[in-house]
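Reader: I'm new to this one. Could you show it to me and let me ask how the labels are decided?

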Amino acid sequence: MGKANRERRRIKQKTRARAHQGSGSGRRPVPAPGDVELQEFLRQLAAAETAAGTRARASVPPPTVAEQVTELLDRSMDQLDAHRHDAFETTVTRLAHGTAPGWRPQVERTLLDRLLGLVTALWRGGWQPADVVRLVGRHLDAAHLLLARDLMAAELAGYAPTTIDRRWADQIAAEVLAVWWEPQLTAITSFARAHPHDWQSVIRTALQLGHLWARLPRIELTCPIPGTAAATARAAGVDERVLTRVRALLAKAESTDYPAEAETFTAGAQALMARHSIDHALLAATGRVPSDEPGARRIGIENPYEGPKTSLLNAVATANNCRAVWTKEFGFVTVIGFPTDLDLVEVLFTSLLVQATAAMTREGSKTDRYGRSRTRGFRQSFLVAYASRIGERLTEATQQQTAEAAAAGAPNLLPVLASRADAVAAASQVLFPALRLSSGARVTDREGWASGRAAADRARLGAGDALPG
């Protein structure tokens, strides 16, 4: 017990005792000296406490501009979490129109540091540039996507090119992530100048982007992050000459209006792909090319009909000695396999999806006998059937190429292929130790199923056809 409390208790006890002595006479007690003493003590105590509080407040300096900005940024994230949009707009206004000296530069500096830190955290959490571009495009608008590209470019500019994995370098080039602004500017100021946005809109866009990034979970790390890749550790993919020929054949299959030509070109591409994969496996097993290990690659799957499209990718992956895992909430499929097979799977899937979409669209809209639209059910059933039939045809083509290679005297072919299949299975288990199987997309339209099977037959991928040209 403190000294002041002990003194207060002593005076109260003394006062009660004197009041009790005077109550027996029936007369109103005269205020005892203790009452005056108590009142004076309480007055002095209150004055002392007031003075102490004043001194304490005077000793605490007001928050700095940096502290105020940080507090408002933190508050904005909480408001977005709680969907308090009016309160969020109020916070954005305060950030945009603060009048303290150095306010705007501090807002920009703090916001930029926070966003660049989030980009670095995304890389460490398994996200790659193409994943981030796809995710921002799905959840936010074009302005957010432009700012996201600039922020990623600014963060990636800090790494030596020799420490960036080939797969990252390919994505950086494909997404055109480059620092285009003058050195004295930042990603935020350049964004504000290049696009017709007022400062308040820039802050709003940056905060909403940061909120999305800060709430993303960790995902599977499929390749070295920037700054950690060794120049000698880049996995070899398909021979570029082979890939060029495959792409040329598939481009012709996509562009022709004649089904017979499309069949020939696509079949030739599949035959070339399957045989190249087998040859590469044999060369790696005998040490004539550097040995490789299974890797993983993410391929985006966009709506509509993402379920049937995933089934098509799974069919292509399975027939080409790979495994596919769908992460539905983020719109991508992770394909696990050897680098050569991954390259071929991505190229073939992209082409088959183009062909399937074109064939499906040519079928036009559908209605039932009551005039109600059944186009969506028809198209979903079409794509499911297409994927199922393509999977059968691809498997037949791969088996035929394997049989021909074995008949031609390829040594130890089957054990080599079995060993690579085991390696892919082990890599899948490491990346996804708790996989859950799910049912495929439903078939609800009989005509759509039949049309999809027929379209897949027209795009048959027989491995024995002669290569055009």
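Author: Let's start at one spot: His83 is found in the loop between α3 and α4, where helices (H or I, at least four residues) and strands (E, at least two) are DSSP runs, numbered from the N terminus. This is a predicted model, where local features need pLDDT of at least 70, side-chain atom pairs count only at pLDDT 80 or more, and totals for chains, interfaces and linings use all residues. Residues are numbered from 1 along each chain as its sequence is written, and side-chain values use heavy atoms, with hydrogens and water left out.

Reader: What makes His83 count as exposed?

Author: The cut-offs go like this: buried means under 20% relative accessible area, exposed over 50%, partly exposed in between (1.4 Å probe, protein chains only). His83 has 58% relative accessibility, so it counts as exposed. Its phi is near 60 degrees, a positive value in a residue other than glycine. Asn321, in the loop between α13 and β2, also has a positive phi, near 65 degrees. Asn321 has a relative accessible area of 41%, so it is partly exposed.

Reader: Why do those phi values get a mention?

Author: Because most residues other than glycine have a negative phi, and most peptide bonds are trans. On the peptide side, a cis bond joins Asn303 and Pro304, with omega about 0 degrees. Pro304 lies in the loop between β1 (295-300) and α13 (306-319).

Reader: Why are Trp123 and Trp168 called edge-to-face?

Author: Rings of Phe, Tyr and Trp (its six-membered ring) pair if their centres lie within 6.5 Å; planes under 30 degrees apart count as stacked, over 60 as edge-to-face and the rest as tilted. The structure holds five aromatic pairs. In one of them, the ring centres of Trp123 and Trp168 are 4.8 Å apart and the planes meet at 90 degrees, so this pair is edge-to-face. The pair links distant parts of the chain, with Trp123 in helix α5 (residues 103-124) and Trp168 in helix α8 (residues 166-174), 45 residues apart. Trp123 has a relative accessible area of 1%, so it is buried, and Trp168 is buried with 1% too.

Reader: And what makes Trp127 and Phe330 edge-to-face?

Author: Their ring centres lie 5.0 Å apart with planes at 75 degrees, so they get that label. Trp127 sits in the loop between α5 and α6 (129-139) and Phe330 in the loop between β2 (323-327) and β3 (332-337), so the pair ties together parts that are 203 residues apart in sequence. Both Trp127 and Phe330 are buried. Along with Phe332, they form one aromatic cluster.

Reader: How do you know that Arg298 lies over the face of Phe332?

Author: A charge sits over a ring if NZ of Lys or CZ of Arg is within 6 Å of the ring centre and within 35 degrees of the ring normal. Arg298 lies over the face of Phe332, at 5.2 Å from the ring centre. The charged end of Arg104 sits over the ring of Trp199, 4.0 Å from its centre.

Reader: How do you know that the span of helix α4 agrees with what it should be?

Author: The expected span of a helix is 1.5 Å times one less than its number of residues. Helix α4 (residues 85-96) has 12 residues, so it should span 16 Å, and its end C-alpha atoms are 16 Å apart, which agrees. Its buried residues, among them Phe88 and Leu95, pack against α3 (65-81), α5 and α10 (199-214).

Reader: What makes a group of residues a nonpolar core?

Author: It's a set of buried Ala, Val, Leu, Ile, Met, Phe, Trp, Tyr and Cys residues joined through side-chain atoms within 4.5 Å. The largest has 55 residues; those with the most contacts inside it are Trp127, Leu151, Leu207 and Trp213. Its largest share, nine residues, comes from α5. A second, separate core of 39 residues includes Leu243, Leu249, Val316 and Phe378.

Reader: How many disulfides are there?

Author: A disulfide is a pair of cysteine sulfur atoms within 2.5 Å, and by this rule the count comes to zero.

Notes:
Contact means heavy atoms within 4.5 Å.
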